Amino acid sequence: MRMRPMLEWPDTAAQARAGDLDDIERIVAGGAVAVLSGAGLSTESGIPDYRGATGSLRRHTPMTYEQFVGDADNRRRYWARSHLGWRTIVRAQPNAGHAAVAALSAYGYVSAVITQNVDGLHRAAGNADAVELHGSLGRVVCLDCRSISPREELDERLREANPGFRDASTRVNPDGDVELDDALIAEFRTVSCDACGVGVLKPDVVFFGENVPKPRVQQCYDMIDAARAVLVLGSSLTVMSGLRFVRHAVRNGKPVAIVNQGPTRGDALAAVRLDAPLGAALTGLAGRLGCANAAV
C-alpha cells in the first residue's frame, strides 16, 4: 500500500454521529483502546498539518519517493529544506494532547498507540512503545548499506559542509522541510553515508509513493485485533495507510471514535465523532477518568 498525496476525498452519504465528550468517555472507559493519531494532534506543538484549513497540501505537494531516489538535484532540494526545517521539529515539545494519551496509557485505558506522525512527540511524552507507522525524522537510513544513524549526527555533518548556509525559509511543513529559494538550494552541499562512505542518505520516514514496511503494518493489525475499541485523534484518515486499520476494526465489530477538527474520510465508519481541539478534549477526558499528570 503506497502513500499518495490527497487533499480531498469523495463525499459519503453516511456520516458519524456527532457526539460530545460523554460519548468518547463511554468508549474509552472500557479500556483496551488502540489510539491512531495524526498530524492534528501535533499542531498545538507548533507543527503544521497537511490537510486542515491551512494545511500544507494546499500550498505544495511533498516530494515523492521516486523523485528523491531518482535525481540528485531533488535530494539536494530535500536536504537543504529539511536541514532548516529540522530545527523546528527538534525544538517541538509534546503538548497537552500527547500528555493525556500517555496518562491514559499509564492508567490502562489505552493499550496501544499507532501514530502517523514522524515527529517523535508520542515517545517524548511517555509512550515509548508507540508505533511510528510512517517512521521518524529523528533517524536517517542509508539506501545502500541500510545502516541507521541519529538525525543529530547528520545535522552536525550538514552544518560543517554548509557553514555559510543561512535560514531564509518562509514556512515549515509537516514533513520537516521548509519553503526555500532555489538560489539557496543550489548552494547546498549534501553528504554521503558515514558508515559505508558512498551511500545515499534518506530520512527514516515513509515518503509518498513508498510502502510502509510489511512487518510494521502487521504489528499495527495485531494491536487493533488485541484492542476492544479504536480512538482516532487528529487524523483526516485521507491516507489509506491509516484508514485501513479503522476499516479492519469495524469489520471485526470494534467501535471507532474520532476526535478531529473537521471531517474525516472515516466518518461513515465511526460510531461517534467529536469536532474539538485535541489538547482540551483529551485533557478533559483523562481528567474525567481520574488520570493524573494529564497536562504539560
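Predicted model: local features only at pLDDT ≥ 70, side-chain atom pairs only at ≥ 80, totals over all residues.

Me: What is the mean pLDDT of the protein chain?

Reply: The mean is 88, and 85% of the residues reach 70 or more. The pLDDT is the predictor's confidence in each residue, from 0 to 100. Watch residues 51-59, though: pLDDT stays under 50 there.

Me: How many helices and strands are in the protein chain?

Reply: Ten helices and nine strands. They are DSSP runs numbered from the N terminus: helices are H or I with at least four residues, strands are E with at least two.

Me: What does the side chain of Q116 make a polar contact with?

Reply: The side chain of S235, at 2.7 Å. A polar contact is a pair of N or O atoms within 3.5 Å; within protein, one must be able to donate a hydrogen and the other to accept it, and residues adjacent in sequence count only if both atoms are side-chain atoms.

Me: Which residues does Q116 touch?

Reply: Among them are L36, H134, S235 and V239, leaving aside residues up to four places away in sequence. Contact here means heavy atoms within 4.5 Å.

Me: What makes D22 and R288 a salt bridge?

Reply: The rule asks for a side-chain nitrogen of Lys or Arg within 4 Å of a carboxyl oxygen of Asp or Glu. For D22 and R288 the N to O distance is 2.4 Å, so the pair meets that rule. D22 is in helix α1 and R288 in helix α10, 266 residues apart. D22 is partly exposed at 33% relative accessibility, and R288 is partly exposed at 41%.

Me: How far apart are R26 and D23 in helix α1?

Reply: They are three residues apart, so about one helical turn separates them. Their side chains meet in a salt bridge at 2.5 Å, N to O. R26 counts as exposed at 57%, whereas D23 counts as buried at 9%.

Me: Which residues are linked in a network of salt bridges?

Reply: R123, E132, R139 and D204. Inside that group, D204 and R139 meet at 3.0 Å, N to O. D204 lies in strand β6 and R139 in strand β4, so the pair ties together parts that are 65 residues apart in sequence.

Me: How do you know that R244 has no salt bridge?

Reply: The nearest side chain of opposite charge, E210, is 12 Å away. For charge, Lys and Arg count as positive and Asp and Glu as negative; His and the chain ends are not counted. R244 is in helix α9, and a polar atom of its side chain lies 3.2 Å from the backbone oxygen of S241.

Me: What is in the largest nonpolar core?

Reply: It has 30 residues, and I24, L104 and L231 have the most contacts inside it. To qualify, buried Ala, Val, Leu, Ile, Met, Phe, Trp, Tyr and Cys residues must be joined through side-chain atoms within 4.5 Å. Helix α10 gives the most to this core, with five residues. A second, separate core of 26 residues includes A80, L84, I89 and L158.

Me: Which elements do the buried residues of α10 pack against?

Reply: They pack against α1, α4, β7, β8 and β9. Those buried residues are L278, G279, A281, L282, L285 and A286.

Terms used. Residues numbered from 1 in each chain as written. Heavy atoms only, no water. Buried < 20%, exposed > 50% of the residue type's maximum accessible area, 1.4 Å probe, protein only.
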